[in-house]
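User: I've never read a protein model before, and I'd like to learn how. Could you take me through it feature by feature?

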Amino acid sequence: MTELTDEQKEDLEQWVGRRRKYIAAFVIWAFIIMPVLYFVLSRIFGFDNIYFLMFNKIMLLLILLALFFDIRYRKKCPNCGSAIGSELNMLINVPENCNKCKVKFK
């Protein structure tokens with residue numbers, strides 16, 4: 001079993017850090033920017049609550065899908081090239097090893 005270099009391990013850690021920032025940006029968008037945007041648009045165009053609910057759900061769904069596919073498919077194992085974003089704990093930490101080639105990430 002091969003080991004990753006320190007540079008490859010650092011790259012994985014930086015990638016996880018960027019994922020955390022994406023999740024924080026999603027939370028800020030969902031709970032701060034969306035209500036403010038709705039308030040402004042409702043004052044300008046006279047939207048009802050039903051439009052806000054549809055707009056909010058569609059935007060949140062699109063952002064969640066983009067975040068999911070980005071996390072799932074972007075990062076590859078430096079050793080074998082398989083997607084390592086399928087690990088659920090990838091949102092929080094780097095997984096212990098690759099599921100395909102079993103190389104240790106930490």
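User: Let's start with Cys 80: how does it count on relative accessibility?

Analyst: We sort residues by relative accessible area: buried is under 20%, exposed is over 50%, and partly exposed is in between (1.4 Å probe, protein chains only). Cys 80 has 31% relative accessibility, so it counts as partly exposed. Keep in mind that this is a predicted model: local features need pLDDT of at least 70 and side-chain atom pairs count only at pLDDT 80 or more, while totals for chains, interfaces and linings use all residues. Residues are numbered from 1 along each chain as its sequence is written, and side-chain values use heavy atoms, with hydrogens and water left out.

User: How many disulfides does the count come to?

Analyst: A disulfide is a covalent bond between the sulfur atoms of two cysteines. The test is a pair of cysteine sulfur atoms within 2.5 Å, and here the count comes to zero. Take Cys 80, which is in no disulfide: its nearest cysteine sulfur belongs to Cys 98, 3.7 Å away. Cys 101 is in no disulfide either, and the nearest cysteine sulfur to it is that of Cys 80, at 3.7 Å. Cys 101 has 25% relative accessibility, so it counts as partly exposed too.

User: How many helices and strands are there in the protein chain?

Analyst: Helices (H or I, at least four residues) and strands (E, at least two) are DSSP runs, numbered from the N terminus. This chain has two helices and zero strands.

User: Where is the kink in α1 centred?

Analyst: To find a bend at a residue, you take the angle between axes fitted to the seven residues ending there and the seven starting there. In α1 there's a kink of about 40 degrees, centred on Trp 29. Just after α1, Gly 46 takes a positive phi of about 70 degrees.

User: Which residues in α1 are buried?

Analyst: Here's the general idea. An α-helix has 3.6 residues a turn, so residues three or four places apart point the same way. In α1 the buried residues include Leu 12, Trp 15, Arg 19, Phe 26, Ala 30, Met 34, Tyr 38 and Ser 42. Met 34 is buried because its relative accessible area is 0%.

User: Which residues is Met 34 in contact with?

Analyst: Contact means heavy atoms within 4.5 Å. Leaving aside neighbours within four places in sequence, Met 34 is in contact with Trp 29, Phe 52, Phe 55, Asn 56 and Met 59.

User: What about Lys 102: where is it found?

Analyst: Lys 102 is also in the segment after α2. Although it isn't a glycine, Lys 102 has a positive phi of about 65 degrees. Its relative accessible area is 42%, so Lys 102 is partly exposed.
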